[in-house]
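This briefing covers the contact between two chains and then a few pairings inside one of them. Look over the sequence and the structure first, then read the points below.

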Amino acid sequence: MSPTTAGILFLGSLVLALALVYRPLGDYMYRAYSGTGHLRGERWIYRLVGVKPDAEQRWGVYARSVLAFSVVSLLFLYGLQRLQDRLLLSLGMDPVKPDQAWNTAVSFVTNTNWQSYSGESTMGHLVQMTGLAVQNFVSAAVGMAVAIALVRGFARTRTDQLGNFWVDLTRGTVRILLPIAFVAALILVSGGVVQNFWNPADHTVATIAGGQQAITGGPVASQEVIKELGTNGGGFYNANSAHPFENATAWTNWLEIFLILLIPFALTRTFGRMVGQVRQGYAIAAVMGVLALASISLTMLFQGIHHGTVPTAVGAATEGTETRFGVLNSAVFAASTTLTSTGAVNSFHDSYTSLGGMMTLFNMMLGEVAPGGVGAGLYGMLVLAVITVFVAGLMVGRTPEYLGKKIGSREIKFASLYFLITPILVLVGTGVAMATDSGRAGMLNSGPHGLSEVLYAFTSASNNNGSAFAGLTVNTVFYDTALGLCMAFGRFLPIIFVLALAGSLARQGQTPASEGTLPTHRPQFVGMVAGVTVVLVALTFLPALALGPLAEGIH
Amino acid sequence: MRMPSWIRQHLAAVRALLVFTVVCGIAYPLAVWAVAQVPGLNDRANGSIVKTADGRTAGSALIGQAFTDNNGDPLRQYFQSRPSAAGDGYDPTSTSASNLGPEDILDTLPVPGAKDEEDNPDEGRQSLLTQVCERSKAVGELEGVSGARPYCTPDGVGAVLKVFGARAADGSVPKPTRVVSANQGCPAQPFLGTYLGVRVECAKPGEDLAAGLTVPIRGNAPATPKVPADAVTASGSGLDPHISPEYARLQAPRVAKARGVPVAQVLAAIKHNETGRALGFMGEPAVNVLRLNLALDKTHPYRG
């Protein structure tokens with residue numbers, strides 16, 4: 001079988017598997033978030049936390065709960081890193097320095113998992129397990145909770161109640177993330193992903209050529225699986241999912257991509273069930289699917305034809321890729337990780353062909369909506385759907401409606417503010433970095449590729465992705481601070497606007513569909529939302545792309 | 001007295017975080033670890049350790065190793081792994097890719113006698129292209145085949161010209177006044193005699209060539225060189241345990257000669273340690289280098 005045929009089958013089998021689990025998982029998540037009963041374990045959690053699970057919250061209270069939980073998480077994670085040398089399982093690592101500890105804490109709390117540190121030489125097992133991996137669970141559950149709250153805004157009428165954040169957080173973690181993670185972690189172990197508590201110093205072997213090699217173990221499988229499932233992306237090791245102990249075989253690679261795409265796609269079914277029209281969920285899934293398939297195929301194409309000086313000299317785009325995965329499966333991973341807000345990598349985007357690397361950048365610039373991060377992808381895409389019905393309404397001169405809700409000036413203001421945040425952070429951040437010595441000093445590559453490294457960093461941080469053109473030296477006070485701010489604003493400002501939008505929608509009654517209502521479940525609407533998404537991105541970022549990857553790739 | 005609501009909210013947040021830390025941060029990884037200790041899973045959970053013929057731990061089957069001597073030169077009796085950017089090569093405490101871009105083609109030549117900030121001799125910086133060319137030449141020489149590649153000079157650096165002169169509207173330099181082979185430090189013989197009628201010079205270390213137009217020269221090497229792609233590029237992790245079957249077969253005659261065994265037996269050992277695509281379509285065929293070398297040590301020990 002030719003590598004191309006194998007690559008197409010690899011992608012096809014992922015699509016098929018995702019289609020098979022779409023309904024059962026989407027329906028399961030619908031029941032998890034909509035059910036009125038509580039599991040016994042959940043009741044214990046509510047008692048310990050001290051909340052009444054059946055009391056619902058207005059949007060402001062819901063938002064303040066999200067922020068309170070995130071601020072507390074941030075402080076806890078910061079403290080844990082600063083004190084790691086005095087705690088168990090530190091492996092003799094020093095405390096993480098303040099700017100890096102801030103950056104890492106923000107990064108994991110915002111579901112970004114940008115890493116200015118190298119796992120194997122900075123973080124002991126305790127910080128990885130009880131700090132970073134815990135945030136992998138709960139930051140994912142926060143994203144899902146916010147998405148569910150927005151969907152309730154569409155589904156409910158004449159109420160100010162959006163659900164209870166603590167209940168949504170608990171159910172997302174306990175009913176959805178933990179069971180899948182536990183099973184998938186064991187499957188990964190069976191493929192060779194390690195799960196132990198070794199200190200590398202005790203496991204140094206003499207190689208057969210007479211050298212020394214430390215075998216760096218750790219509780220990797222348990223962390224690896226939630227890093228993909230929760231679209232977090234922070235590697236246990238510096239090499240992330242390229243490391244054989246994180247991603248041992250070609251089939252664990254398949255499974256990890258599957259886990260990345262699983263919840264973001266299935267949540268559209270949950271959305272359809274909650275608003276009582278599954279076809280609306282299919283339409284949103286179709287927009288995501290069209291954009292994702294186009295992007296993955298283009299990335300595979302660009303990597304496969306390996307345009308560029310070094311790839312031509314080599315004869316393939318193998319720099320930064322692992323032999324067991326090959327170029328095409330690496331490209332599928334790269335596109336999937338940037339289309340979702342995951343940011344895990346199984347190959348290094350900095351060494352990709354100019355146009356292949358540009359695709360990973362473009363994917364993030366789409367705003368992480370195709371299918372996006374867990375929860376964040378759904379609420380991002382729903383905001384784009386709102387913008388689309390507004391644009392369509394302007395064109396035909398009717399009041400825009402979506403799912404029976406009028407999109408008035410208040411709603412469109414929140415949607416616009418949501419959309420504007422990341423471009424502002426990305427473009428201003430990149431501009432500031434290129435204008436300052438401390439920003440420019442970090443570039444490994446020169447010329448347009450250096451600009452791409454900086455642009456990629458701010459795009460990744462502001463969209464809460466976390467992958468990198470990793471040549472950029474980011475463990476500096478400048479980048480730790482600036483990117484930390486981008487991650488925080490890029491996560492929480494959109495969340496506030498989404499919840500405000502949800503509150504505003506929930507207060508409305510249901511407008512019955514009339515002849516003038518734009519049907520939002522037909523291919524026409526799918527095409528319009530995809531078009532609006534791509535056009536908005538192109539208008540915003542094309543100048544920056546032209547100076548970086550396009551300048552490098554087209555000459 | 002009732003607490004203000006923002007304090008109650010933050011107290012709930014603290015308690016929630018502690019609960020989830022216990023559940024997701026302690027109970028969950030311990031549960032995965034406990035189940036992973038069952039026979040059949042435990043050797044994998046513990047790093048897929050492999051042993052030598054005499055029972056000594058030789059490393060992990062999943063983690064690549066360097067099979068070189070103290071000087072970094074390849075040991076002829078062993079199959080060689082891919083180039084590695086992890087520390088000094090295959091260092092699991094410093095995993096990394098090179099992160100060099102596809103158009104990283106200009107070297108910084110070392111200036112003789114100059115020192116860097118730490119008072120070490122200036123080593124310059126090799127571009128990714130030159131690294132590829134140098135590796136290709138070295139592998140070609142070791143295995144007795146041509147190491148020629150597109151965009152590479154015969155002496156194993158990137159074939160890149162810096163062309164000076166007035167630019168035309170499309171950015172090219174139709175009538176150059178000066179042409180320098182940027183990666184070939186003097187007194188090297190430039191890979192081209194003349195370019196557009198102008199004699200090509202070698203590059204003087206330390207000279208700023210930024211003003212010239214960068215022109216990589218393709219040359220006439222075949223698009224699919226004798227030395228395979230994986231032999232000249234660093235992996236993502238720097239710990240890649242595999243090489244391509246093509247690279248393994250290229251090394252077979254040299255290994256067979258060093259061990260004094262027929263090539264056919266070494267080729268059979270390669271076949272035995274080759275894994276195809278998972279389920280027929282996932283990943284790429286690959287040969288595990290450590291397992292292959294251990295197998296040969298067992299069946300055909302090296303009597304250096």
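Chain B and chain A together bury about 7800 Å², and 68% of that area is on carbon and sulfur atoms. The model is a predicted one. The size of an interface is often given in this way, as the accessible area lost when the parts come together.

**The interface of chain B and chain A**

- Sorted by class, the residues of chain B that touch chain A are 56 nonpolar, 32 polar and twelve charged.
- In total, 100 residues of chain B are in contact with 101 residues of chain A.
- Between the two chains, 35 residue pairs are in polar contact, counting pairs with both residues at pLDDT 80 or more.

**Two packed helices in chain A**

- Two packed helices are described by the angle between their axes and the distance between the axes.
- Helix α6 (residues 125–155) of chain A and helix α14 (residues 376–396) of chain A have axes that come within 7 Å and cross at roughly 35°.
- From α6(A), the contact uses Gly143(A), Val146(A), Ala147(A), Leu150(A), Val151(A) and Phe154(A).
- From α14(A), the contact uses Ala376(A), Leu378(A), Tyr379(A), Leu382(A) and Val386(A).
- The contact of α6(A) with α14(A) is made up of ten nonpolar residues, one polar residue and no charged residues.

**Aromatic pairs**

- Over all chains, the structure holds 16 aromatic pairs.
- One of them is formed by Tyr62(A) and Phe165(A), an edge-to-face pair with 5.7 Å from centre to centre and 75° between the planes.
- Tyr62(A) is in helix α3 (residues 59–82) of chain A and Phe165(A) is in helix α7 (residues 165–191) of chain A, so this pair ties together parts 103 residues apart in sequence.

**Salt bridges**

- Side chains of opposite charge can pair when their charged atoms come close.
- A search of the whole structure finds 20 salt bridges over all chains.
- Asp27(A) forms a salt bridge with Arg273(A), and their closest N and O atoms are 3.1 Å apart.
- Because Asp27(A) lies in helix α1 (residues 3–34) of chain A and Arg273(A) in helix α9 (residues 250–274) of chain A, the pair ties together parts that are 246 residues apart in sequence.

Note on methods. Residues numbered from 1 in each chain as written. Chains lettered and ligands numbered in written order. Predicted model: local features only at pLDDT ≥ 70, side-chain atom pairs only at ≥ 80, totals over all residues. Heavy atoms only, no water. Contact = heavy atoms within 4.5 Å. Buried area = accessible area lost by both parts, 1.4 Å probe. Polar contact = N/O pair within 3.5 Å; in protein donor to acceptor, adjacent residues only side chain to side chain. Nonpolar A, V, L, I, M, F, W, Y, C, P; charged D, E, K, R; others polar. Axes fitted to C-alpha atoms, helices over the stretch in contact; angles between N-to-C directions. Helix = DSSP H or I, 4+ residues; strand = E, 2+ residues; numbered from the N terminus. Phe/Tyr/Trp six-rings, centres within 6.5 Å; stacked < 30°, edge-to-face > 60°. Salt bridge = Lys/Arg side-chain N within 4 Å of Asp/Glu carboxyl O.
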